[in-house]
Amino acid sequence: MIYEVGDAVDNTSSVAKIPFQKFHLDSRQVAVNDVFILLKSQTPNCQKSRDYLSQAAQNAAFILSEVDPVALFTPANAPPNANIQLENTQPAINKQSSAQQQPAALPCPVLYVPNIRDFLGDLIQAYMQYQQPTTLPTVIAVTGTNGKTTISQLVAQLAQLAGMSSAVMGTAGNGKLGALIQASHTTGDALAVQQFLYQMGEQGADLLALEASSHGLDQQRLQGMPVTVAIYTNLSRDHLDYHADMAEYVAAKAKLFDRAHFPSLTHAVINSDDEYARTMLDTAHASNLIVWTYSLQASQTATFVASSIIPSLQGVEIALHSDFGTINIVSPLLGRFNVANLLAAIATAVALGISLERIAAVVPQLQGAVGRMQRVPSAEGCFIVDYAHTPDALVQVLDSLKTHCRGKLWAVFGCGGDRDAGKRPLMAQAGLSGADQVILTADNPRTEDPNMILQDMQLGMSTEQYQRTHIEPSRQQAIEYAVAHASPDDIVVIAGKGHETYQEIQGVRHDFDDSVIFLQALQQAGRR
């Protein structure tokens, strides 16, 4: 039977009393008496949706469908080779009737819920709490193009050093601090996110700091997450293969500061130095949040301001002025942008009730996220692995390292295949604007020819720029070239992959870890 929420009769009662075991978003995982939730794909494919529906129905207690199940079986959506008994010669009214009969003949009820994303997370969490109640951790969420991973890790570390059991969820892995498991997505699907939140509650976590990607916010994967503090870092060109334009990208990020989406919000922590901060500030104020800002500009009237920044190869000394007092901090994290990341984390820690004095005492114990401004041990020179994979992030990394550099600054990087091609020449120019020497190489070419990606990156390069650019499609050989040619006073940064331990080529993920390749190259060059 097919039922639709919103009919004259509330048909949710049709499935309300049917016992079931688990929710699934993957039809292959549906066991007897489970519930399958069919969500719309970002690239609609009626045949696949029909296959998922039919496969799940063999075991499911019932199905909740965001997709109109009747529309899936109309003649217009049925491919010529589909095993669907629809007569194209029959009158239109009978065609519709026949289309209705197809899903109606499935062995379990199908409930059409077009707005299911609006409450899916709440539904999943409510069921888990019904089965076995547990106390959920306080949730902190970070959004922005760059800095999400580092800030989430720093917030979790500050909280843990202050006595709170902490966990993280994001690009660098999911789990309690010290026991992270690698994740496939920055923000998992709604089911995975809620299950992880519940699992961290069962393990006694007091705090969960997570990364909120624009994809995750746009697709409502974080619906139902009890976010109390939302953090905004910055925005620059990224993911325009998914978002139509920057305006859509900004709007997706702004959802994190809207109580209509996250009713448990109390605080917003926003980088006032960013050009898109006004959108986040307006959204947060409209939701009546406590809004705190942070800035690296001493002249700014932000809530938290770094009035003095003194860099060294051992870290940074910071004089922090805030509405809550003034402290001097010694941070082990390299780079000016990491000062901004630290300010965001400190503001969040204050929102959690941790005093500035306690924060200043533990900051020297902080560790950067893996693959974020990560220094590789060497006997001479300075070798850095960083995840910077957007033009803005690369500029920030190079500008930050320039203040530490006595010799030449080298940048080794590439661009991913099957992604926003318009970003490629921008990445090359970002590297050339900040580095003395540039090596262009491969970075997850996926199904594209690495040489074609490298050609795209070279668009618009001048003769002077070519003279300080080396092109090497092999990422390993590019790293080895940099190690062999860099002087003891030089700094070499390999950017783009950071924590990743693979190189994706033609659908296959080959083992590849920038830090490991760096160590091997240093060993071969006698520089360990």
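**Exercise 1.** In which helix is the place of Asp-218, and is this residue buried, partly exposed or exposed?

*Solution.* The model is predicted. Step 1: Asp-218 lies in helix α8, which covers residues 214-218. Step 2: the relative accessibility of Asp-218 is 29%. Step 3: buried requires under 20% and exposed over 50%, so Asp-218 counts as partly exposed.

**Exercise 2.** Determine how helices α6 and α11 are oriented to each other, and which residues make their contact.

*Solution.* Step 1: two packed helices are described by the angle between their axes and the distance between the axes. Step 2: for α6 (residues 148-161) and α11 (residues 336-351), the angle is about 45 degrees and the axes are 9 Å apart. Step 3: angles under 35 degrees count as roughly parallel and those of 65 to 115 as roughly perpendicular; α6 and α11 are therefore oblique to each other. Step 4: the crossing of α6 past α11 is right-handed. Step 5: α6 contributes Thr-150, Ile-151, Leu-154, Val-155 and Leu-158 to the contact, while the residues from α11 include Asn-341, Leu-342, Ala-345 and Ile-346. Step 6: by class, the contact residues are nine nonpolar, four polar and no charged.

**Exercise 3.** Identify the residues with the most contacts inside the largest nonpolar core, and examine the surroundings of Ile-231.

*Solution.* Step 1: this core has 42 residues, and Leu-158, Ile-231, Ile-346 and Ile-359 have the most contacts inside it. Step 2: α11 supplies the largest share of the core, 10 residues. Step 3: residues up to four places away in sequence aside, Ile-231 touches, among others, Ile-151 and Val-155, as well as Ala-344 and Thr-348. Step 4: a second, separate core has 34 residues, including Tyr-232 and Ile-270.

Key:
Residues are numbered from 1 along each chain as its sequence is written. This is a predicted model: local features need pLDDT of at least 70, side-chain atom pairs count only at pLDDT 80 or more; totals for chains, interfaces and linings use all residues. Side-chain values use heavy atoms; hydrogens and water are left out. Axes are lines fitted to C-alpha atoms, for helices over the stretch in contact, and angles run from 0 to 180 degrees between N-to-C directions. Helices (H or I, at least four residues) and strands (E, at least two) are DSSP runs, numbered from the N terminus. Angles under 35 degrees count as roughly parallel, over 145 as roughly antiparallel, 65 to 115 as roughly perpendicular and the rest as oblique. A crossing is left-handed if the near helix is turned anticlockwise from the far one by less than a right angle, and right-handed if clockwise. Contact means heavy atoms within 4.5 Å. Ala, Val, Leu, Ile, Met, Phe, Trp, Tyr, Cys and Pro count as nonpolar, Asp, Glu, Lys and Arg as charged, and the others, Gly among them, as polar. A nonpolar core is a set of buried Ala, Val, Leu, Ile, Met, Phe, Trp, Tyr and Cys residues joined through side-chain atoms within 4.5 Å. Buried means under 20% relative accessible area, exposed over 50%, partly exposed in between (1.4 Å probe, protein chains only).
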